[in-house]
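Please read each against the coordinates shown below.

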Amino acid sequence: MKRLLIKYKPQLFYMLFGGITTAIDIALCMLCLHYFEMGTVLSNLIAWFVSVAFSFITNKLWVYGSRSMRARTLIKEFIAYYVGRGLSLIAGTIVMVIGVDLLRCNSFVTKLISDIVVTIMNYFFGFFVFKKVAQHVNDL
């Protein structure tokens, strides 16, 4: 059992921190959308910004194990991470606008569907950022 935990540690941590990130994202989006009565796009953007900041730290340190704190590495990782997340933000926002604004679906269910799409995209972006960017910087 211990060998399996060690073998799948990155995936388990990704699911754990991804779950927390998703909870932050959904809670903030619903709060902005329903309590503060902000629009769909603005609510999604605020929730995205906060949850991506949280996920950058947790993914860097515990999921992908990128320990470098060199300024050059941090800046490259940060930029690449936010660019990748920006692409998934666009996909998630499209799902939200179509689901909530156009089809008038339940905002919570639509956000859940949006976050599933975003989570899959983000796993691959995160791998690229923390494994490939860090390797490239170390090779310089």
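1. In this predicted model, one aromatic cluster is formed by Trp48, Phe49, Phe56, Phe78, Tyr81 and Tyr82. The count of aromatic pairs comes to 9.

2. One of these pairs joins Trp48 and Tyr82: the ring centres lie 5.7 Å apart and the planes stand at 90 degrees, so the arrangement is edge-to-face. The partners come from distant parts of the chain, with Trp48 in helix α3 and Tyr82 in helix α4 (residues 71–102), 34 residues apart. Trp48 and Tyr82 are both buried.

3. Helix α3 (residues 40–63) also meets helix α2 (residues 9–35): their axes come within 8 Å and cross at roughly 160 degrees. The two helices are therefore roughly antiparallel to each other, and their crossing is right-handed. Sorted by class, the residues in the contact of α2 with α3 are 17 nonpolar, 8 polar and 1 charged.

4. How many disulfides does the structure hold? The number is 0. Cys32 takes part in none, and the nearest cysteine sulfur, that of Cys29, is 7.1 Å away. A disulfide would require the two sulfur atoms to lie within 2.5 Å. Cys32 is buried, its relative accessible area being 5%.

5. For Cys105, the closest cysteine sulfur is again in Cys29, at 14 Å, which is too far for a bond. Cys105 is partly exposed, with a relative accessible area of 39%.

Notes:
Residues are numbered from 1 along each chain as its sequence is written. This is a predicted model: local features need pLDDT of at least 70, side-chain atom pairs count only at pLDDT 80 or more; totals for chains, interfaces and linings use all residues. Side-chain values use heavy atoms; hydrogens and water are left out. Buried means under 20% relative accessible area, exposed over 50%, partly exposed in between (1.4 Å probe, protein chains only). Axes are lines fitted to C-alpha atoms, for helices over the stretch in contact, and angles run from 0 to 180 degrees between N-to-C directions. Helices (H or I, at least four residues) and strands (E, at least two) are DSSP runs, numbered from the N terminus. Angles under 35 degrees count as roughly parallel, over 145 as roughly antiparallel, 65 to 115 as roughly perpendicular and the rest as oblique. A crossing is left-handed if the near helix is turned anticlockwise from the far one by less than a right angle, and right-handed if clockwise. Ala, Val, Leu, Ile, Met, Phe, Trp, Tyr, Cys and Pro count as nonpolar, Asp, Glu, Lys and Arg as charged, and the others, Gly among them, as polar. Rings of Phe, Tyr and Trp (its six-membered ring) pair if their centres lie within 6.5 Å; planes under 30 degrees apart count as stacked, over 60 as edge-to-face and the rest as tilted.
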